[in-house]
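Thank you all for coming.

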Amino acid sequence: MSDGFGLDHLPYGVFSVAGGPRRVGVRYGDGILDLYAATGRPEFDQPSLNAFLALGPEVWRQTRDQVRGLVEDAGLVAIEDAVLHLPVEVADYVDFYASLDHASNVGRIFRPDSEPLTPNWRHLPIGYHGRAGTVVVSGTPVTRPSGQRKAPGDDAPTYGPSRRLDIEAELGFVVGAPSELGAAVPFSGLADHVFGVTGLNDWSARDIQAWEYVPLGPFLGKSFATSISPWVTALAALDAAWVDLPEQDPEPLPYLGPGATRGLDIDVEIELNGEVVSRPPYRTMYWSPAQMLAHMTVNGASLRTGDLFASGTISGPEPDQRGSFLELSWSGKEPFTTSDGTSHSFLEDGDEVVLRYSAPGIDGGRITLGEVAGRIEPART
Ligand code: MN
């Protein structure tokens, strides 16, 4: 059996076999339980998880109990016979910037003459609205984006393929139960609304981003593609993974929760062309998932089933824990070398990145979240 996909995990996804209909399934070992075939419930005869997610936490919990009783006796679809699809029809997509180490590194690189952190950074989890329609499932090729780029020494911008194509290793949170327009979701509301997590790669064109982002934030430098795992791990499978996050100073405003904030002890690996080049630890993040959710809705913005919000790049304090090539190569000034002697800073055509995630499981072992893979294809100029 595949490690990390036992009874303590049971992540949800969408699959098809031999061109047949898309169905909701649960991964168990090297197989998939076809939930519609096993239960007859119409929310599983669907091309996305959304109908199931909309039913809310009580149904999620009952279903998890039911599935634990079904997977060992039911016939499973072999994973190699299945095509895996985007698991969620993404409603709105928000990306945060919740790692102190990442924000500090990027500040030093992009604004070397200023304080690394902007004055608001320790008071609120900064975020931006991304492009939901270009969230793709792991394995989808990523075409190198073209756009306006202007290096600091250039007189004027030029148009062409990005020369500074990058990744951001992140964790995504999938919203199931909606909220009412006008009503903030409290700090304590995470488990009432968020179904689970997925690995996420926020592909980023640093040259396009650096030229366009002042004053309104990321736009075309980010919106060409965001990859997620085919498997969504329910929060219920992560009960043993909660840890206290590092202390927050100054103490945030009351709506962002009292005292210690709780994060997830998820280990991330960034693999470039088959070799691990970084190991970011999610447990070092500054802002917690509950704080991001509370902040995202504090103005009364409502949640919809299928909303996706992401952590921002996960970077730890050590150089080999950085979650982007921008940081790993210090903006290309300090290229890093893989074991075959190749020097790397930003992504070349043909490069493949795989993000892997693991966490403590509820039965004492470790669970493996679905991987997030993508290969760079040349620009279409
Ligand atoms: Mn990001």
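Predicted model: local features only at pLDDT ≥ 70, side-chain atom pairs only at ≥ 80, totals over all residues.

Residues are numbered from 1 along each chain as its sequence is written, and side-chain values use heavy atoms, with hydrogens and water left out.

The manganese ion is coordinated at 2.1 Å by Asp 95, Glu 168, Glu 170 and Asp 202, where donors are N, O and S atoms within 2.8 Å of the metal (3.2 Å for Na, K and Ca), and sites may look incomplete since water is not among the atoms. Asp 95 lies in strand 6 and Glu 170 in strand 13, so this pair ties together parts that are 75 residues apart in sequence; strands here are DSSP runs of E, at least two residues long, numbered from the N terminus.

Turning to the domains, an automatic or database assignment divides the protein into domain 1 (12-85) and domain 2 (93-377), whose C-alpha centres lie 28 Å apart. Between them they bury about 1,400 Å², 71% of it on carbon and sulfur atoms, buried area being the accessible area (1.4 Å probe) that two parts lose on being put together, summed over both. In domain 1, Tyr 12, Leu 53 and Trp 60 lose the most area to domain 2, together 36% of what that side buries.

Terms used. Helix = DSSP H or I, 4+ residues; strand = E, 2+ residues; numbered from the N terminus.
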